[in-house]
Amino acid sequence: MSDKINIRQENSSDIDSIRSVTEAAFRNAAHSSHTEHWIVDALRKSHQLTLSLVAELQGNVVGHVAVSPVSISTGADQWYGLGPISVLPEHQGNRIGSELTRKALSELKAMNARGCVVLGDPEYYGRFGFKVHDGLLYPGVPPEYFQALSFNGNTPVGAVSYHDSFNATGN
């Protein structure tokens, strides 16, 4: 990809584009609830979007990443969940998702977050330092797909839960 990707905070004029990008990105995904666009909307509406970054190419939104707080049953705080991450299908495989992930992690570190969790492909997210940690779990999913990245070297134990917005099924 020769064009420069611009990654920036979302603004109100991006909301429809973010919804379209997210819906398109997950439309044919095998391991998807196909509700990710509603999840992002619900996170925004409930003021749970800690970060909402868009990837812009030639003035068009082609990717998005949401970051929101998570709860850990043992009370550890300042931990966040990465995702949904969305890239338009025709732009997937061009490192846009990687750039969004790196920027989100960089911004979390700058906010003095303690760490980040992600539910996804271990091979893909391992490139960013995510790994499985015994004792930190997300119930109901194969443990190898739930990974964490500590920014201070300390990974808590306990069950992680996401905001109720992740149960969104429509507007």
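**Reading the pocket and the helices**

Modeller: By class, the lining of the largest pocket holds 20 nonpolar, 12 polar and 4 charged residues. Here Ala, Val, Leu, Ile, Met, Phe, Trp, Tyr, Cys and Pro count as nonpolar, Asp, Glu, Lys and Arg as charged, and the others, Gly among them, as polar. This is a predicted model, where local features need pLDDT of at least 70, side-chain atom pairs count only at pLDDT 80 or more, and totals for chains, interfaces and linings use all residues. Residues are numbered from 1 along each chain as its sequence is written, and side-chain values use heavy atoms, leaving out hydrogens and water.

Biologist: Which element gives the most to the lining of the largest pocket?
Modeller: Strands (E, at least two residues) and helices (H or I, at least four) are DSSP runs, numbered from the N terminus. Strand S4 gives the most, with 6 residues.

Biologist: How do I describe two packed helices?
Modeller: They are described by the angle between their axes and the distance between the axes. Axes are lines fitted to C-alpha atoms, for helices over the stretch in contact, and angles run from 0 to 180 degrees between N-to-C directions. The axes of H1 and H2 come within 7 Å and cross at roughly 145 degrees.

Biologist: Which residues of H1 and H2 meet?
Modeller: Contact means heavy atoms within 4.5 Å. Among those meeting are Arg19, Glu23 and Phe26 in H1, and Glu36, Asp41 and Arg44 in H2. The residues of this contact divide into 4 nonpolar, 2 polar and 5 charged.

Biologist: Is Gln147 buried or exposed?
Modeller: Buried means under 20% relative accessible area, exposed over 50%, partly exposed in between (1.4 Å probe, protein chains only). Gln147, in strand S7, counts as buried because its relative accessibility is 2%.
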